[in-house]
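These are my notebook entries on a structure that I examined by element and by residue. The sequence and model are placed here for reference.

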Amino acid sequence: MSDSSSDWVGSGRPPQAGEGKRRRSGWLVGVAAALVVVIGAGAALAVQALSGAGAQPDSAVPATALGFARIDLDPSADQKVNAVRLLRRVPEFEQETGITSDRSDLRKLLYETVAGDGCPGYAEGVESWLGDRAGFAAMPAESGEEPDALAVVQVTDEDAAREGIGELGSCTGSDETGVAFAGDYAVIAETQRLADGFATAAQEAPLSDDEDYLADMAAAGDPGIVSAWLDLDALVRLSGDDQEAAAGAALLGGASSMAMSMGAGSDSLEVAVAVNGQVLGEDPGATSFSELPASTMFGIGFTGGADAVRKGWDQAQQSLSGNESFDPQGLAEMVEAQTGLVLPDDLATLLGDDFVLAVDSQGLELDPSGQPDPTSVRVGLRTSSDLAEVQEVTAKIEAALAAVVPVDLVERESDRGAVVASNDAYAEALADDDSLGDSGNFQAAVADADAAAIMFVDFDLMLEVADRGGEQAGDQLPGDARKMLEVLRAFGVSSSVDGDYTTSTVRLVFD
């Protein structure tokens with residue numbers, strides 16, 4: 001490998017000649033810290049629309065990146081102010097983050113998070129040249145080595161930025177930090193050789209021009225103030241072991257890459273995720289989750305579970321054939337010996353083509369000793385599978401639990417298939433009640449009631465249950481817990497297949 005940039009620019013990584021054997025484990029700490037800052041700030045400041053112009057950080061990152069995350073701290077974005085306003089209501093948020101105003105200078109906050117006690121202050125150190133945007137990437141390294149960390153930061157003055165980043169590196173003990181420039185961005189890496197190489201590679205083939213990356217990000221919708229992307233195919237190949245890579249690919253269920261963005265509405269924070277791959281199946285259909293009782297406090301539902309289990313089991317057996325550390329067939333034999341359950345058949349029967357599991361807010365009463373009365377707790381599932389087949393499986397479950405937690409499950413038939421519940425009252429409710437879709441909290445939290453997979457939590461009902469139990473036991477809910485539940489209204493996740501992508505919307509709704 002020569003020292004010419006043309007020899008290595010396609011890989012996005014410069015040659016290592018002359019660097020010696022570096023200690024490379026530090027990239028994990030750096031990338032983890034960067035992602036914590038990005039995701040933490042994103043959770044605090046997520047928006048759906050950006051203001052301001054200019055290139056985004058992906059224009060300064062090579063197209064060969066394994067993963068990338070970006071943040072835009074443009075203080076004029078109205079949605080960012082909206083998100084800060086919502087999150088400032090969360091107990092301890094201001095104390096933990098230092099964000100005490102909807103108009104806080106978030107660049108200053110992030111600088112002070114990174115800079116040590118001996119570093120220049122924000123005004124003296126970076127304010128004059130620091131832009132509003134930054135990005136973080138994991139870059140492929142030489143065979144057998146861990147990826148390199150890369151950071152790109154928008155700057156308004158290259159000379160001042162070079163000096164300021166050098167001072168920050170010195171005061172934080174990173175004297176060898178390399179700095180180069182690509183467009184309006186400072187390219188920061190572990191060494192100067194790496195920084196120069198990444199900058200050259202980004203100028204010739206930036207991530208922002210990569211068609212696969214652009215398609216993934218488009219599937220995730222508006223990039224918001226925070227977005228991220230991962231090349232899952234490349235990540236599972238990092239170990240260099242074909243068998244481990246095959247196992248990783250099987251675990252991902254055919255997903256090759258993924259993208260996400262974070263946003264905020266007037267009363268909610270939202271994350272959109274797009275996975276390149278039909279992990280829910282080609283045509284999974286709509287779950288009957290919205291046909292649960294309106295008193296549902298928590299639930300999860302999805303379609304195509306039986307097919308997914310069988311397909312995943314077959315893939316695991318093929319990819320892990322000969323793997324001494326994990327043998328699917330050995331696991332199946334052990335489970336059957338201990339519980340009588342046959343994998344994957346019994347699990348497929350339980351899940352069926354349409355499966356929902358729910359916990360109801362009613363029936364969570366206390367017995368005379370102040371403990372929940374297990375006979376009144378309303379927990380159950382509904383599956384599209386045949387009742388007789390489901391009863392065979394539940395009989396095995398009851399027998400397996402008999403020595404530990406004796407249960408007497410109730411099974412009954414419904415128009416949608418079979419119902420299994422903790423008592424007769426809830427079995428009847430699961431079979432006949434279908435009013436959850438009319439609930440205001442459900443409608444606010446679940447973006448798509450006809451999705452193939454849904455999860456839902458009603459925090460308002462959770463607070464009612466906690467207060468009811470507190471009154472019965474003469475013990476009130478702790479203040480911090482009550483404040484948190486009072487702030488939140490509901491949480492929902494909905495996932496569907498859209499062309500080649502599996503898309504999900506995660507929404508946290510505030511009262």
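Where is the place of Ser268? I found Ser268 in strand β8 (residues 268-276); helices (H or I, at least four residues) and strands (E, at least two) are DSSP runs, numbered from the N terminus.

**Basis.** I worked on a predicted model, in which local features need pLDDT of at least 70 and side-chain atom pairs count only at pLDDT 80 or more, while totals for chains, interfaces and linings use all residues. Residues are numbered from 1 along each chain as its sequence is written, and side-chain values use heavy atoms, with hydrogens and water left out.

**Entry 1: Ser268.** I looked up its accessibility: Ser268 counts as buried, at 8% relative accessibility. Buried means under 20% relative accessible area, exposed over 50%, and partly exposed in between (1.4 Å probe, protein chains only). I then listed its contacts (heavy atoms within 4.5 Å). Leaving aside neighbours within four places in sequence, Ser268 touches Leu86, Gly263, Arg507, Leu508, Val509 and Phe510. I also noted that Ser268 and Ala490 are 222 residues apart in sequence, yet 9.4 Å apart in space, C-alpha to C-alpha.

**Entry 2: helix α7.** I compared length with expectation, which is 1.5 Å times one less than the number of residues. The 14 residues of α7 (residues 158-171) should span 20 Å, and the end C-alpha atoms are 20 Å apart, which agrees. Ala161, Gly164, Ile165 and Gly169 of α7 are buried. Seen down the axis, the buried residues fall within an arc of 140°, so they line one face of the helix; the arc is that of the directions from the helix axis to the C-beta atoms. The face turned away from this buried side carries exposed Asp159 and Glu163. Among the elements covering the buried residues are α6 (122-125) and β3 (148-155). After α7 I found Gly173, with a positive phi near 80°.

**Entry 3: aromatic pairs.** A search of the whole structure gave 6 aromatic pairs. Rings of Phe, Tyr and Trp (its six-membered ring) pair if their centres lie within 6.5 Å; planes under 30 degrees apart count as stacked, over 60 as edge-to-face and the rest as tilted. The rings of Tyr213 and Trp229 have centres 5.4 Å apart and planes at 90°, so I recorded the pair as edge-to-face. Tyr213 lies in helix α9 (residues 211-219) and Trp229 in strand β6 (residues 226-230), so the pair ties together parts 16 residues apart in sequence. Both Tyr213 and Trp229 are buried. Ring pairs link Phe68, Tyr213 and Trp229 into a cluster.
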